[in-house]
There are 2 protein chains.
Amino acid sequence: MTKRDLILGAAQRLLNIDPAASMGAIAEAGGISRATLHRHFPTRESLLTELGTRSLDRWQERLDAASAEDLAAAGDREAIARAISELVRGFVQDAHDFGFTLTDHVILADASLNERTEQLTTREAALWSAGQRAGVLRDDVPPRWICHAVYGLLVAGREASRLGDVAPRELADLVLSTFLKGVDAS
Amino acid sequence: MTKRDLILGAAQRLLNIDPAASMGAIAEAGGISRATLHRHFPTRESLLTELGTRSLDRWQERLDAASAEDLAAAGDREAIARAISELVRGFVQDAHDFGFTLTDHVILADASLNERTEQLTTREAALWSAGQRAGVLRDDVPPRWICHAVYGLLVAGREASRLGDVAPRELADLVLSTFLKGVDAS
DNA sequence: TCCGAATGAGACACTTTTGTCTCATTCGAC
DNA sequence: GTCGAATGAGACAAAAGTGTCTCATTCGGA
């Protein structure tokens with residue numbers, strides 16, 4: 001764990017609580033001086049961009065772990081269903097760590113991050129599409145909408161957890177179940 | 001339509017595009033000078049609070065229109081199902097107009113607005129609860145979670161619309177359908 | 001037309017934050 | 001213990017935004 005990682009970790013935790021935290025507040029949260037913080041991250045934007053990048057790294061790792069492309073090629077129904085469940089559960093965990101990046105306007109406005117987000121969205125959509133072809137997911141909705149739906153439910157889960165409306169342990173089940181089955185009585 | 005409403009409308013439109021817009025930018029968007037804007041809204045916070053209040057007004061009106069409490073008392077399955085559909089569709093429209101209030105940190109940090117949000121959440125949750133009792137909604141999820149799920153899907157819908165991934169006309173159907181049925185193959 | 005209210009333009013002070021810089025101190029590897 | 005790198009503390013300038021104020025102008029109703 002490098003010093004840089006420790007700083008980023010502290011910044012992440014603080015920004016999850018207060019997305020508008022200043023460099024001074026972030027430095028304090030990391031137990032370092034503002035000068036040192038600036039030595040590691042020249043600008044606030046560079047710090048946020050780095051956190052955004054790491055957030056996207058996690059997303060990418062989840063897709064890698066799901067072997068999205070392999071599954072799509074194989075078309076194994078059971079395997080795809082299992083991968084989808086694990087993927088969403090992983091996302092819930094990631095959203096807990098990196099939640100603020102989902103709605104932070106500085107990060108959302110970064111062109112480079114948006115470009116990569118677009119690529120990952122396309123990759124993820126391919127998995128949803130494979131799920132549709134395999135008969136695991138309903139095929140009357142655009143795969144890209146499914147990406148957005150997951151995103152929205154992650155935001156919802158984060159908020160529900162923050163407000164104490166859902167116990168952390170139940171969150172992943174709730175998000176996954178709602179994602180797959182909705183709230184209609186079966 | 002009072003002058004105040006015109007200003008608020010312009011501010012709303014701009015803030016939906018750039019939630020960090022300054023008072024100067026908002027004044028320009030409204031075609032008035034910054035001085036005049038400050039005459040109507042002493043502080044930026046007061047402007048945002050007003051928009052947040054109007055957003056909650058709309059939410060409240062939706063609940064009123066749905067006759068949430070009456071339906072809950074009557075327990076008419078068909079009526080409840082219909083009201084839920086209309087309610088969510090209405091929310092999608094509201095989210096299009098007031099979307100930025102869903103994630104704006106100034107608004108989310110306002111104690112008074114939060115208190116009212118809590119009340120409306122409780123009211124809305126009562127409707128979901130009634131839906132559960134009537135057998136319209138699955139009863140293995142907390143009613144409050146359903147509130148959050150709707151909220152998240154509204155954020156998702158807004159984002160999907162903004163990025164052009166979903167045609168505006170299809171949005172309400174998509175949100176409602178995902179809300180009720182999820183994305184699992186039936 | 002007249003008068004008062006509302007507005008626009010601009011100056012101003014103030015606050016907050018950012019990013020830079022310096023210097024003394026501390027830390028760690030050797 | 002020594003030396004160099006890293007750090008903390010603090011000063012500093014600059015930028016951006018906010019809120020106030022003044023004054024001339026415009027607008028609208030009586």
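1. Surface near DNA strand C. In this predicted model, α2 (23–29), α3 (34–40) and α4 (44–65) of chain A, together with α3 (34–40) of chain B, each supply at least two residues of this surface. Helices here are DSSP runs of H or I with at least four residues, numbered from the N terminus. The largest share, three residues, comes from α3(B).

2. DNA strand C is surrounded by 15 residues. Near means that the C-beta atom, placed from the backbone, lies within 6 Å of the strand. The closest are A:S22, A:M23, A:T43, B:S33 and B:T36. By class, the surface has six polar, five nonpolar and four charged residues. Ala, Val, Leu, Ile, Met, Phe, Trp, Tyr, Cys and Pro count as nonpolar; Asp, Glu, Lys and Arg as charged; the others, Gly among them, as polar.

3. Contact between the chains. In chain B, 34 residues are in contact with 34 residues of chain A. Contact means C-beta atoms, placed from the backbone, within 7 Å. On the chain B side, α9 (143–162) and α10 (168–181) each supply at least two residues. α9(B) gives the most, twelve residues. This side of chain B divides into 20 nonpolar, eight polar and six charged residues.

4. Symmetry. Chain B superposes on chain A by a rotation of 180 degrees, with 0.0 Å of shift along the axis and an RMSD of 0.0 Å. The same surface serves both copies: 100% of the contact residues of chain B recur in chain A.

5. Conventions. Residues are numbered from 1 along each chain as its sequence is written, and chains are lettered from A and ligands numbered from 1 in the order in which they are written. In this predicted model, local features need pLDDT of at least 70, side-chain atom pairs count only at pLDDT 80 or more, and totals for chains, interfaces and linings use all residues.

How values were computed. Two residues are in contact if their C-beta atoms, placed from the backbone, lie within 7 Å. Copies are superposed by least squares on the C-alpha atoms of residues with pLDDT of at least 70 in both.
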